[in-house]
Every structure is written in structure tokens, then in C-alpha cells.
2 protein chains.
Amino acid sequence: MNTHQHFLDRAVELGKIHMDTGAGGPFGAVIVRDGQIVAEGWNSVLADQDPTAHAEIVAIRRACRALGDFSLEGALLYSSCEPCPMCLAAIYWARLDGLYYAACQQDAADAGFDDAYIYRELSKPWPERALKAEQGAADEARRVFQLWCAKADKVQY
Amino acid sequence: MNTHQHFLDRAVELGKIHMDTGAGGPFGAVIVRDGQIVAEGWNSVLADQDPTAHAEIVAIRRACRALGDFSLEGALLYSSCEPCPMCLAAIYWARLDGLYYAACQQDAADAGFDDAYIYRELSKPWPERALKAEQGAADEARRVFQLWCAKADKVQY
């Protein structure tokens with residue numbers, strides 16, 4: 001059994017364990033750097049009453065806390081399922097080096113999870129999305145962005 | 001001044017205040033239900049060393065905590081900027097009724113934020129994405145999904 005397989009199995013196992021306790025859906029994730037587990041996460045949408053508490057988001061937050069860094073460059077994510085768009089975007093923001101996943105988007109859809117639907121929504125322009133959105137107050141927001149650009153002591157993230 | 005304008009202004013103001021304190025980038029968000037603010041959020045990526053601590057995610061988590069519910073059906077989100085894909089997907093997961101935003105994706109790009117890049121990445125198939133990904137252990141993960149489907153006491157979210 002190779003190392004990647006070992007960490008993927010652990011991600012799947014975490015999903016199973018915490019589904020059984022009622023924490024949330026059947027999803028687990030593990031973040032690994034230099035061959036060592038830095039953090040583990042599992043879906044806790046129900047336990048935490050938090051729709052953003054997907055396994056990958058939880059694992060990323062814990063790994064960043066453990067390492068004291070908002071960047072996970074050099075680390076890998078192992079997930080029991082292909083990430084939903086929220087989690088995939090979070091993987092980009094966290095600058096993870098790569099991803100190993102077990103079940104795929106279609107498997108998630110078959111189990112009743114909306115990942116594929118949200119991927120389709122994100123790919124549409126605003127007028128075609130189910131979510132209604134309206135723009136306003138753009139000038140003042142842009143002025144704050146200009147202050148950010150001019151801010152001498154800012155940390156780029 | 002209409003009500004939507006008032007809440008948008010507050011979202012922009014929150015971004016400015018917490019950019020100035022060094023909490024993170026210049027982004028704020030407000031969640032409103034029945035004309036009342038339920039929760040406020042701002043980017044705290046730097047203060048919390050958390051790449052997922054975008055204003056909208058923080059506001060969603062706080063609103064769910066305040067209401068004791070993983071669903072924000074019936075509520076609106078006001079954001080100082082068009083949401084990045086992580087936050088937009090979170091808005092779908094949270095079942096918010098609608099969105100008002102100030103600055104747009106291009107404004108964020110001009111200020112050095114990668115939202116547009118991540119939207120493009122998410123719209124690609126795996127082989128074309130910058131993030132390297134590999135699949136494995138799918139059978140065991142699918143078996144856990146089947147257990148989820150068969151779970152008698154599960155809560156759908």
C-alpha cells in the first residue's frame with residue numbers, strides 16, 4: 001500500500017466515523033506535509049450548524065492554525081470526495097500543492113449533495129444564476145480598494 | 001437613501017475599518033433578515049491566519065451561530081465586493097435568498113486579488129487546472145456514501 005493510499009483511506013475513515021456520530025455528511029479530509037499529517041477534518045455542518053464546515057475547509061483551517069500560516073504551500077490535501085466549488089476555491093486560496101480525492105462529483109450527487117449544481121451555477125453569468133444579485137455603492141468600495149493598494153504596511157495574501 | 005444602500009454602505013465600512021486594523025483585505029459583509037442585521041463579517045485572513053476567513057464566510061458562520069441554524073433561507077447578504085467562488089458557493093450552501101454587492105470581480109483583480117483566476121480554474125476540467133489532482137480509493141468512499149443514503153436518522157442539509 002502506498003502512502004497516498006494510506007492518507008486517502010484515513011480521509012474516508014474520518015468521514016465514516018463522524019457521519020456515524022451525526023456531525024455531518026460522510027466526508028473527511030487530511031492535510032499532509034513532509035509525509036506527516038498536519039491536520040484532519042470532517043464535515044461538521046450539523047454539529048456546528050455551519051454550512052461552511054465541510055471537511056476540506058475544516059482541515060485547511062486546522063492546518064493553518066497548527067502551522068501558524070495562512071499559506072499551506074508545500075502541503076497536500078487528501079479528501080474522501082472531489083471537493084465542491086467552495087472547497088476547491090479554498091484549496092487555491094490556501095495554496096496547497098496538490099489534491100488526492102476518492103469519490104467523485106457524480107458520486108456526491110448520487111448521495112444527494114449539490115456540488116455539481118453549484119459548479120454549474122458558478123459557471124453562469126449573473127442573469128442566468130438561480131441566486132438573485134444586484135450591484136450598488138461600487139464607487140465607495142473602489143475607493144477603499146485604492147486605499148488598500150496604497151497601504152504601505154499591508155501584507156499580501 | 002434606501003435600505004439596501006444602507007446595508008451595502010455598512011459592508012463597505014466594515015471592510016475599511018478592519019483593513020485599517022490589519023485584520024485582512026478590504027472586504028466586509030452583512031447578513032440581514034426581516035430588515036435587521038443578523039451578523040457582520042470582515043476579512044480576517046491575516047488576523048486569524050486563515051485563508052478561508054473571507055468577509056462573507058465569516059458573516060455566514062456568525063449568522064448561523066446567531067440563529068442556531070445551518071440554513072439562512074429568508075436572509076440577504078450584502079458584500080462590499082462581488083464574492084469569490086469560495087464565498088459564492090458558500091452562499092448557495094447557506095441557502096441565502098439574495099445578494100447585494102458593491103465592487104465587482106474586476107475591481108478585486110485590479111486590487112491584486114485572485115478571484116477571477118480561481119473562477120477560470122474552477123470552470124476547467126481537471127487536466128487543464130493548475131492544481132494537480134489524482135483520484136484513488138473511490139470504492140471505499142462510495143461504500144460510505146451508500147451507508148449515508150441508508151442512514152435512517154440522517155439530517156439532510
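Me: Helices (H or I, at least four residues) and strands (E, at least two) are DSSP runs, numbered from the N terminus. Which strands of chain A does helix α2 of chain A lie across?

Reply: The model is predicted: local features need pLDDT of at least 70, side-chain atom pairs count only at pLDDT 80 or more, and totals for chains, interfaces and linings use all residues. Residues are numbered from 1 along each chain as written, chains are lettered from A and ligands numbered from 1 in written order, and side-chain values use heavy atoms, without hydrogens and water. Helix α2 of chain A spans residues 55–67. The strands it lies across are β1, β2 and β3 (76–81) of chain A.

Me: At what angle does helix α2 of chain A run to β2(A)?

Reply: Angles run from 0 to 180 degrees between N-to-C directions of axes fitted to C-alpha atoms, for helices over the stretch in contact (heavy atoms within 4.5 Å). Helix α2 of chain A runs to β2(A) at about 140°.

Me: What is the strand order of the open sheet of five strands?

Reply: Strands pair if DSSP finds at least two bridges between them. The pairing in this sheet is mixed. The order is β2(A)-β1(A)-β3(A)-β4(A)-β5(B).

Me: Which residue of β2(A) is the bridge partner of I31(A)?

Reply: Strand β1 of chain A holds residues 28–33. With β2(A), strand β1 of chain A pairs in the antiparallel sense over six bridges. The bridge partner of I31(A) is A39(A).

Me: Which residue of β4(B) stands opposite E134(A)?

Reply: Here two chains meet. Strand β5 (residues 132–135) of chain A pairs with β4(B) in the parallel sense, over four bridges. Opposite E134(A) stands Y100(B).

Me: Which residue of β4(B) stands opposite S79(B)?

Reply: Strand β3 (residues 75–81) of chain B also runs parallel to β4(B), and five bridges join them. Opposite S79(B) stands Y101(B).

Me: How many residues of strand β4 of chain B are buried?

Reply: Buried means under 20% relative accessible area, exposed over 50%, partly exposed in between (1.4 Å probe, protein chains only). Strand β4 of chain B spans residues 98–103 and is mostly covered. Its buried residues number six of six.

Me: How many disulfides does a search of the whole structure find?

Reply: A disulfide needs two cysteine sulfur atoms within 2.5 Å. The sulfur of C104(A) has its closest cysteine sulfur in C81(A), 7.2 Å away, so it is too far for a bond. For C104(B) the closest is in C81(B), also too far at 7.2 Å. Over all chains, the number of disulfides is zero.
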